[in-house]
Amino acid sequence: PEEIECLRLKNIKNFDQICQKFNYAESVSASQEVIELSIKAVFLIVEESFPRKHEFDEENFSKLLGKIPEELQFYNFPRLYLLSKFWSSFYTVAKYGLEKLEVGADKLFTDKEANLALKHAEECYFASYALLQHRLRKKL
């Protein structure tokens with residue numbers, strides 16, 4: 001039992017060391033970029049242009065929603081707007097941290113935020129990809 005406990009503690013320590021090597025802030029930043037680019041892709045697919053900024057406003061997004069085909073509504077494109085708005089609020093924090101508090105980005109994010117950001121990025125990516133595939137099938 002004592003040997004098992006030592007092995008368990010050693011595994012926990014190894015896990016902690018491995019986790020310290022991951023850059024969760026960079027992961028959040030990369031996921032945020034995927035979300036932003038996915039939404040810009042949606043704009044390009046249905047409108048042929050997109051807003052040249054990191055955030056999207058409701059008015060522009062509302063116009064875009066009217067152009068989403070009925071058969072793709074289950075992707076919940078309004079949710080993509082919410083995800084974009086949510087993660088764009090972390091854009092500078094994930095890159096630079098909280099400068100006035102003198103806290104680096106690497107101290108602010110954990111695997112939980114990184115995993116959530118990745119799930120949301122995948123959701124946005126798959127919706128934009130489905131829209132692209134739909135558009136390409138319509139042109140054939």
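## Salt bridges

At 54% relative accessibility, Glu59 is exposed (over 50% relative accessible area, with buried under 20% and partly exposed in between, using a 1.4 Å probe and protein chains only). This is a predicted model, in which local features need pLDDT of at least 70 and side-chain atom pairs count only at pLDDT 80 or more, while totals for chains, interfaces and linings use all residues. Residues are numbered from 1 along each chain as its sequence is written, and side-chain values use heavy atoms, leaving out hydrogens and water.

Glu59 forms a salt bridge with Lys63, with 3.9 Å between the closest N and O atoms; a salt bridge here is a side-chain nitrogen of Lys or Arg within 4 Å of a carboxyl oxygen of Asp or Glu. Lys63 is partly exposed at 48% relative accessibility. Glu59 and Lys63 are 4 residues apart in helix α3 (residues 58-65), a separation of about one helical turn. Helices are DSSP runs of H or I with at least four residues, numbered from the N terminus. An α-helix has 3.6 residues a turn, so residues three or four places apart point the same way.

The whole structure has 3 salt bridges. Another one joins Glu36 to Lys40, whose closest N and O atoms are 3.0 Å apart. Both residues lie in helix α2 (residues 24-47), again 4 residues apart, about one turn of the helix. Glu36 is buried, with a relative accessibility of 7%, and Lys40 is buried as well, at 12%.

The side chains of Glu123 and Arg79 also meet in a salt bridge, at 2.6 Å from N to O. Glu123 lies in helix α6 and Arg79 in helix α4 (residues 77-88), so this pair ties together parts that are 44 residues apart in sequence. Glu123 is partly exposed at 25%, and Arg79 is partly exposed at 29%.

## Helix α6

Helix α6 covers residues 111-139. Its 29 residues should span 42 Å at 1.5 Å a residue, and its end C-alpha atoms are 42 Å apart, which agrees; the expected span is 1.5 Å times one less than the number of residues. Buried residues of α6 include Ala114, Ala117, His120, Ala121, Cys124 and Leu131. The buried residues of this helix pack against α2 and α4.

His134 is located in α6 and is buried, with 10% relative accessibility. Leaving aside residues up to four places away in sequence, His134 touches Pro69, Glu71 and Leu72, where contact means heavy atoms within 4.5 Å.

## Nonpolar surface patch

A nonpolar patch on the surface consists of Val34, Tyr125, Phe126, Tyr129, Leu132 and Leu136, which together have about 530 Å² of accessible area. Patches are made of residues with over 30% relative accessible area and no salt bridge, with nonpolar side chains (Val, Leu, Ile, Met, Phe, Trp, Tyr) joined within 5 Å and like charges within 9 Å. Areas come from the Shrake-Rupley method with a 1.4 Å probe, and for residues only the protein chains shown count as cover.

Helix α6 gives the most to this patch, with 5 residues. Leu136 is found in α6 and is partly exposed, with a relative accessible area of 42%.

## Aromatic pairs

Rings of Phe, Tyr and Trp (its six-membered ring) pair if their centres lie within 6.5 Å; planes under 30 degrees apart count as stacked, over 60 as edge-to-face and the rest as tilted. The count by this rule is 10 aromatic pairs. One of them joins Phe86 and Trp87 edge-to-face, with 4.9 Å from centre to centre and 85 degrees between the planes. The rings of Trp87 and Phe90 have centres 5.3 Å apart and planes at 45 degrees, so that pair is tilted.

Ring pairs link Phe86, Trp87, Phe90 and Phe109 into a cluster.

## Positive phi in loops

Asn76, in the loop between α3 and α4, has a phi near 55 degrees, a positive value in a residue other than glycine. Asn76 is partly exposed at 37% relative accessibility.

Glu102 also has a positive phi, of about 55 degrees, although it is not a glycine. Glu102 sits in the loop between α5 (91-96) and α6 and is exposed, with a relative accessibility of 73%.

Conventions. Helices (H or I, at least four residues) and strands (E, at least two) are DSSP runs, numbered from the N terminus.
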